[in-house]
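The sequence and the model come first, and the description follows.

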Amino acid sequence: MTARRRAIALLLAALAALVVAAPAAAERLIVSVSNHRVTVTPNYSGEELVLFGSVEKEADTPANRQNYDLVVTIIGPRADMVTRRKERRFGIWINADYRQFLQVPSYLAVFANRPLDDIANAEVQRRQQIGVNNMILTQRVGPDYADVVPNDPFRSAFVRLRSERGLYREDTSAVTFLTPTLFRTGIPLPAAVPIGTYEVDIKLFSNGVFVAKTESAFEIVKVGFEQFVATNARQNGFIYGLITTAMALMSGWMASIVFAKD
Amino acid sequence: MRPRVQIYLPIADLPVNIFLILAMGAAVGFVSGLFGIGGGFLMTPLLIFLGIAPAVAVASVASHIAASSFSGAISYWRRRAIDPALAGVLLCGGIIGTALGVSTFTLLRALGQLDLMIALSYVALLTSVGGVMAWEGLRAMLRTRRGIVIPARRSGSHGWIHGLPLKMRFKRSKIYLSIIPVVLVGIFIGFLGAVMGIGGGFILVPIMIYVLRVPTSTVIGTSMVLTLVTMLFATMLHAITNHLVDAVLALILMVGGVTGAQFGARAGQKIRGEQLRLLLGLLILAVGIRFAVELVIRPEDMFTIRETGVTE
């Protein structure tokens, strides 16, 4: 019994040592989002969250590590989308061709403290998936599933249209270092922000090399009356329909009473 | 603090300016009261223009039309301007037509060209109906100005429609008519309403006047009953199958709509019939042309995005 317990203890100690040892060679990132639960209320018209954090140097971090660069990627709930292209046929413009985008972020924001090309070379950017152009947006073209080059017309139109609605953005001056190790960035959320869980991915670079990463998350939820209405519309369609029709009849009837007097 | 004019629509998933929606409801309500129509052909495009998803707009407008046609129907009922028998026969067709329309809608959506079909039918229907109505109103106005009096159609004049079997006496309208064309008209309107997201009153009224020869005294009130019931039916269908009825949006539209409709109905009594027809014809024509222009001119953006489903 004791031998077994000792074996387990040893194993645990070894595991703990591994866990501590793994990031010990590099820096640690500590971050926090100002609000982990954004509530969408009747007068919701967009909001800005703040993400702040610091770079913690470990004892064995090389002393010459300065010049930190930070890339923050926020990925909203994933959804399937269709991008259609209009073409002129028989004198009218109709949707002729389309691409399906599978499980792509409904919200995507990339923030950095300076231009991505200055932070790391193209190969590192691609491998670390930093920047909107390096995000994988899976398309279905007929039977094939693939991501395509960033300048693919459907892909670039997709990114452009999402950007116009404030749902995709890339800002390489959004992250500010308050001290060489203390940083902050704003996360603007437009009024039409999708509901769901948002992953926040923070990657630290130094002299063009990826050194550390951490993750955080926040949630956007509907609360109160909106949530009540939305839930019931989905779950009790019949009663919801009855109430809506009753509401229509009531308001019509009320109006005829109110206005019949004069 | 910003004043609370923005309200969040729970199903449309979008904040809107509450006064803008109220004003739109009132304006469309005014038009609907003025002409005795539902106003869906104006409201649905307006909501889509605001950025509300077409499916949500169509579903929510249905309940708005139901509210304004109910308030209209009550006042026509008080003036004994509704023919219950005629309304009942029309409704039999209307319910069948709505069910047919919903299944066609689903089929078209599966084929992927629903938007185009909707736009094309808007163009075809609105420009032809609006054009004929405006032209007819204009001619009538010119005739009265010149002092030409057209002899009123004899009530006994029989077209082929009046030779059909299964005749029925509609007492309040003082007509004796086969129920076959009446049911067919009901099916047609119910079908259009479901596919295009409109009440159909602006087509129903002329059909009833020119084809069925229903006297003008009962035509608007009776058509409102058909609109009311088909739109209530449509609201229920949308709520049960697609869960796309936005009750908050519908309520704001209703409040604006029923208020506007009352003022519209009052204004309508002060305007002469042919002027009213000319105005309505021009309005319908304008909406039709707007859809046509959108189809023909090069779009500002070749690309559109549509979400096909959120999965978490």
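Two strands pair if DSSP finds at least two bridges between them. Strands (E, at least two residues) and helices (H or I, at least four) are DSSP runs, numbered from the N terminus. The model is predicted, so local features need pLDDT of at least 70 and side-chain atom pairs count only at pLDDT 80 or more, while totals for chains, interfaces and linings use all residues. Residues are numbered from 1 along each chain as its sequence is written, and chains are lettered from A and ligands numbered from 1 in the order in which they are written.

**Sheets of chain A**

In chain A, 6 strands form an open sheet with mixed pairing, in the order S2-S14-S13-S4-S7-S10. Strand S2 (37-40) and strand S10 (168-171) of chain A are at the edges; each has a single partner strand, so one side of each is without a neighbour in the sheet. On average, neighbouring strands of this sheet are turned by 15° against each other, direction ignored; the axes behind such angles are lines fitted to C-alpha atoms, for helices over the stretch in contact, and angles run from 0 to 180 degrees between N-to-C directions.

Another open sheet of chain A has 4 strands in the order S1-S3-S12-S11, with antiparallel pairing. Its edges are strand S1 (28-33) and strand S11 (176-177) of chain A, each with a single partner strand, so one side of each has no neighbour in the sheet.

| Strand pair | Sense | Bridges | Opposite residues |
|---|---|---|---|
| S1(A) and S3(A) (47-56) | antiparallel | 6 bridges | Val31(A) and Gly53(A) |

**Chain B**

Chain B has 10 helices and 5 strands. Of its 312 residues, 50% count as buried, that is, 20 or more other C-beta atoms, placed from the backbone, lie within 10 Å of the residue's own. Two residues are in contact if their C-beta atoms, placed from the backbone, lie within 7 Å. Among contacts in chain B between residues at least 6 apart in sequence, 80% join residues at least 24 apart.

**Where the chains meet**

In the model, 48 residues of chain B are in contact with 51 residues of chain A. The elements that give two or more residues to this side of chain B include strand S1 (6-9), helix H3 (54-78) and helix H10 (273-296) of chain B. H9(B) gives the most, with 9 residues. The residues of this side of chain B divide into 30 nonpolar, 13 polar and 5 charged. Here Ala, Val, Leu, Ile, Met, Phe, Trp, Tyr, Cys and Pro count as nonpolar, Asp, Glu, Lys and Arg as charged, and the others, Gly among them, as polar.

Note on methods. Buried ≥ 20, exposed ≤ 12 C-beta atoms within 10 Å, placed from the backbone.
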